[in-house]
Amino acid sequence: MVDDFEILASNARIILDSRGNPTVECDIFTSYSMGRSSAPSGASTGKTEVSAFPKGGAAASIEFFNKNVKKAITGFNALDQKGFDELLREIDGTDNFSAMGGNLSTALSIACAKAVSNGMGIPLYRYVGGMGISVPEPLGNVIGGGQHARNGTTIQELLVSAEGKTFLESITVNSKVHRRIGEILQDRLKGQGIGVGDERAWVAAIKDEEAIDIVLRAAKEISSETKVKIRVGSDFAASSYYKDGKYVYKDHTFTKDQQIDFAISLIKERGFFLLEDPMDEGDFDGFAAITSAVGSRGLIVGDDIYTTRADLIRKGIEKKSSNAVLIKVNQVGTLTSTMEAVETARMAGWKNVISHRSGETTDDFLAHLSVAFRSYLIKSGTVGGERLAKLNELVRIQEDLMD
Ligand code: 2PG
Ligand code: MG
């Protein structure tokens, strides 16, 4: 059995992500099975996440693979995921995958797990997480801007999460909200200055406040039409507009205290259920002020502040900076490190929200990890093939779990 999972061969190639940028895809072969995975890329990256590619980009990653990785992983037992991920770190030789790039290590790490689950004839979620019991709720970006578009809102993402009876109903309702927002924007702007961003959320030449009003209105309308509860949230991605100690919006500037008050007001007065990265990534205390003010009324999620690193999550737990964490595999570069982050958060009673990147591939491993990690939510857009690759896989997984 163990011999069956010896790595016999591997490949790495460049493919394009949803933005049309190069990324890395890897194949790992054992006697009877193969695992293939590709890694996505972010636009609003955290300062402490591993860089997706070394100097020289995706091509340099492939060169590194052919020169240093291919031979070194041949003969390794793919069943030993932890050992495999450690080996990748050793081969890389740096503490942040800057030699091979975090996207190459991510694609290899997930491909290794997939080779084993395929060889065992079980789904990836079951191999990584044992007996998965339920699927998360979908959290989808419906209107935004920030680093994901030109001329959109300053806030990166306004998000909705429908609570349908099934995952399919939830994603259907989320996409209805997306469509309704398109109609509202069309009426309001007569087709002028409307587009979509990297994650297919609407982008429009309107102020942040108006975008918030539109999402709340569309969510209310679709909720009464479908009789499904729809929650509204946001990823401010605040580091991207934090300049010289201030938060610089399109039409106004907030001090740190005003930004905190604004975040709290969205939860307490506008009924938002979730806020991701409401403050700059270095401001653990600012995060904590919001978290303590909202208490159990809202989920404060840390993305750029933790970058899926267990040590930074531990710091956040100590400082009570948030009550939830965003999880992205390629921020840390291996499945093992990602599992450490999830476990650290779980021990503190925090929820985890697993997330796509703005530049995605059609790989659906995120859907499987969301079940394995018992994620509360999966953030993977509302429409678009590369987003639906994950969401539709969760429709299938839910079917599988109900059997
Ligand atoms: C985020 C992500 C995904 P990016 O900030 O949460 O929406 O964006 O992949 O650009 O970092
Ligand atoms: Mg984010």
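User: What should I keep in mind about numbering and confidence here?

Analyst: Residues count from 1 along each chain as its sequence is written, while chains are lettered from A and ligands numbered from 1 in the order in which they are written. The model is predicted, so local features need pLDDT of at least 70 and side-chain atom pairs count only at pLDDT 80 or more, whereas totals for chains, interfaces and linings use all residues; side-chain values use heavy atoms, with hydrogens and water left out.

User: OK, how is the chain divided into domains?

Analyst: Domain bounds come from an automatic or database domain assignment. Here that gives domain 1 (3-121) and domain 2 (129-402). Their centres, taken over C-alpha atoms, sit 27 Å apart. Domain 1 puts 33 residues into the contact and domain 2 puts in 28 residues, where contact means heavy atoms within 4.5 Å.

User: What area is buried between domain 1 and domain 2?

Analyst: The general idea first: the size of an interface is often given as the accessible area lost when the parts come together. Buried area is that loss (1.4 Å probe) summed over both parts. For domain 1 and domain 2 the value is about 2500 Å², with carbon and sulfur atoms giving 49% of it. On the domain 1 side, Pro40, Ser44 and Thr48 supply 22% of the area buried against domain 2, more than any other three residues.

User: What polar pairing is there between domain 1 and domain 2?

Analyst: Take polar contacts, meaning a pair of N or O atoms within 3.5 Å; within protein, one must be able to donate a hydrogen and the other to accept it, and residues adjacent in sequence count only if both atoms are side-chain atoms. Between the two domains, 22 residue pairs are in polar contact, both at pLDDT 80 or more. On the domain 1 side, β3 (34-38), α2 (81-92) and α3 (102-120) each supply at least two residues that touch domain 2. The largest share of that side, eight residues, comes from α3. Those element names are DSSP runs numbered from the N terminus: helices are H or I with at least four residues, strands are E with at least two.

User: And how many salt bridges does the structure hold?

Analyst: Side chains of opposite charge can pair when their charged atoms come close. The rule wants a side-chain nitrogen of Lys or Arg within 4 Å of a carboxyl oxygen of Asp or Glu. The structure holds 29 of them, and four cross the interface of domain 1 and domain 2. Another network of names to look up is Arg180, Glu183, Arg217, Glu221 and Glu225, which are linked by salt bridges. Arginine 357 also pairs with glutamate 49, their closest N and O atoms being 3.0 Å apart.

User: Which residues have the most contacts inside the largest nonpolar core?

Analyst: A nonpolar core is a set of buried Ala, Val, Leu, Ile, Met, Phe, Trp, Tyr and Cys residues joined through side-chain atoms within 4.5 Å. The largest has 77 residues, and Ile143, Ile181, Leu185, Phe236, Leu369 and Phe373 have the most contacts inside it. Helix α5 (residues 167-189) gives the most to this core, with eight residues. A second, separate core of 29 residues includes Phe64, Val69, Leu87 and Cys112.

Methods:
Buried means under 20% relative accessible area, exposed over 50%, partly exposed in between (1.4 Å probe, protein chains only). Buried area is the accessible area (1.4 Å probe) that two parts lose on being put together, summed over both.
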